Amino acid sequence: MNRGLFRGRGLQIYTWLVIAWLVVPIAVMILFGFNDTKGRFNTVWQGFTFKWYGRLFEIDALTQALINSLVIAVLTMVIAGALGSLIGLALGRYRFRGSGSLNLVMFAAISCAEIVMGASLLSFFVTLAVPLGFWTIVISHVMFSISFVAVTVRARVMTLDSSLEEAARDLGAGPWATFRLVTLPMIFPGVLAGSMLAFALSIDDFVITNFNAGGTVTFPLWIWGVTRVGIPPQVNVMGTIIFVVGLLIAVSNIVVSRRRRNA
Amino acid sequence: MTEIQAGTGVAETAAPGSQQVPAIELDNVVKEYTSHGEVVRAVKGVSLSIAEGEFFSLLGPSGCGKTTSMRMIAGFEDPTQGVVRLHGQDVTSVPPNKRDVNMVFQSYALFPHMSVWENVAFGLKRKNVDAAEIKRRVGEILEVVDLTGREKRRPREMSGGQQQRVALARALVNRPRALLLDEPLGALDLKLRQAMQIELKRIQRDVGITFVYVTHDQGEALTMSDRIAVMNDGLVDQLADPREIYERPATKFVAGFIGTSNLLSGVVQEVTGSTAVLALGPSDRVVISTETPVAVGDSVELTVRPEKITIATEQPAGDRSVVRGTVSEVVYLGTSNNYAVVLADGAEITVFQQNAHDSTITAERGDTVWLSWQPQHSYVLR
């Protein structure tokens, strides 16, 4: 009798409601990038315009904040991608003294509340008298995104047949050549997914960054700062561009993997 | 005179073989693992030497230590004790990439991100062989395994049999001093497996490389091997050629593991020179050789192969070993009739009777029959 409820029209309406719930906020953000707003507040529709795309880099502080965020995100992606992949490889492949504790620490870092992590990182930096700024943000971002990379890569490593590496060794490849020619290409999809996750986590992080930024302003911090005086439409445009780039990467990933499956 | 000539002849043919350095030697090799705090002895002291160009099989049930022994030859496991020698050189602590042997893995372990050609060329590239030579040798070996024209395929686009041959080519192209095969036919269906058995034997004869073959399939081992080491519980029970293993199993385990065999036990009644007579039941008389010394009153276990036994409804004459029993089952198999016969002491004996004549069934269920065989077909078990 319950099945009737979720069949036919009821299910259709419910599905579209859920999709709308997910899509409407993004659509509003994109839409207000085209709003010909006159005042400081970009909340009422006043007509269509492309001008904010032309005047994208007009606000120097915002542009600098975006550049900071992108540089930090790329650094985080590279550093956390490399270190996290190695941790994931070790956890997925070997049983070693302390591997259980390391696993636990990884999951603890993922499940830890950001506010707690941000506060403790701050007290850590203050205790060690590390001046807050660009590099403390990078260190914090690497620290919290490394576990996501490790977990993603570990999942990939677990599905790997370990005899592949043995075969490479058997055919005369030393440990490094085996890693370069066999292990890395095999786990690369995991490494890529993990690194992109690190990039995504870094570029929109607010809480932890806010604790440890010192005088450095990132994209989310800048937006937070101007909330009370009105968010300029350039923010919507930048948000739209970041969203579209992300979407393109996701779509191309699907296309490539589908083509590969059909090949 | 003739005896002396024959003797020197044997000595001459045996001499080069015995003086030659063995391709592979395991010298009292032990392998222990620690699993959940408990020490597990996978290999409990195996010594064997495999001659150059030999097709050598390690045969046994799963968990007998055969794969671990092979992995110690390849270098993937370090022996806890003992020495591994390849062509007389101690390689116990040499890593696998520096040992001149190659392995064919049970799962084939083909690199999925490389084409067939790249897979096969992998080993040669690692050894910095020049490009023209790589091209020539890869082409040559792909011809041997009948995969010419499939160079650009990915492993997953190929059938199991083809993948198997790629794995074989990838190992053989390096011209290793020995090829190690870990249950390579296990994943193939029966027909393909039988075809590959013949194919493997042909390739081994063509390339003249020492093959070490790990299998749990006794038929496979008997068909292909020059010699077989039957392993049980971390030890070699018997090391001999297939005929010897089948005809003269040394232990109860070997007798039971290879083919069908009948186990009999009895007490020694009299010993006369080179033979002894066992008593099993009334009117039973089993003659054994005293190669293994026995005394009157000893309890002895022996084995007889089912095809050596003749079944009759009347007591046979002569000095054949004879036991009496009741037919409990008759199975017609086309090429043979199989009888199950229960003896007075409850032991069940299987008899294969070839369907050579029109005479179909000698005895029916419930008949009392005499089973007899030549004295030399009884083997006393250790």
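**Close-up views of a predicted two-chain model**

**View 1. The annotated span of chain A.** UniProt, in an unreviewed entry, places the feature "domain: ABC transmembrane type-1" at residues 66-253 of chain A; UniProt positions are given here in the numbering of this model, feature names are shortened, and annotations may be inferred rather than shown by experiment. This is a predicted model, in which local features need pLDDT of at least 70 and side-chain atom pairs count only at pLDDT 80 or more, while totals for chains, interfaces and linings use all residues. Residues are numbered from 1 along each chain as its sequence is written, and chains are lettered from A and ligands numbered from 1 in the order in which they are written. The span 66-253 of chain A is 81% helix and 0% strand, and its end C-alpha atoms lie 25 Å apart; helices (H or I, at least four residues) and strands (E, at least two) are DSSP runs numbered from the N terminus.

**View 2. Confidence along chain A.** Chain A averages a pLDDT of 90, with 97% of its residues scoring at least 70, where pLDDT is the predictor's confidence in each residue, from 0 to 100. Within chain A, confidence is lowest in helix H1 (residues 2-5), at a mean of 56, and highest in helix H7 (residues 134-158), at 95.

**View 3. Helices H4 and H11 of chain A.** Helix H4 (residues 60-93) of chain A packs with helix H11 (residues 219-226) of chain A at an angle of about 145 degrees, the axes being 7 Å apart; axes are lines fitted to C-alpha atoms, for helices over the stretch in contact, and angles run from 0 to 180 degrees between N-to-C directions. From H4(A), A:Ala61, A:Leu62, A:Ala65, A:Leu66 and A:Ser69 meet A:Phe219, A:Leu221 and A:Trp222 of H11(A), with residues in contact if their C-beta atoms, placed from the backbone, lie within 7 Å. The residues of this contact divide into seven nonpolar, one polar and no charged (Ala, Val, Leu, Ile, Met, Phe, Trp, Tyr, Cys and Pro count as nonpolar, Asp, Glu, Lys and Arg as charged, and the others, Gly among them, as polar).

**View 4. The contact of chain B with chain A.** Chain B contributes 16 residues to the contact and chain A contributes 15 residues. On the side of chain B that touches chain A, strand S6 (101-104) and helix H3 (116-126) are the elements giving two or more residues, and H3(B) gives the most, with three residues.

Notes: Two residues are in contact if their C-beta atoms, placed from the backbone, lie within 7 Å.
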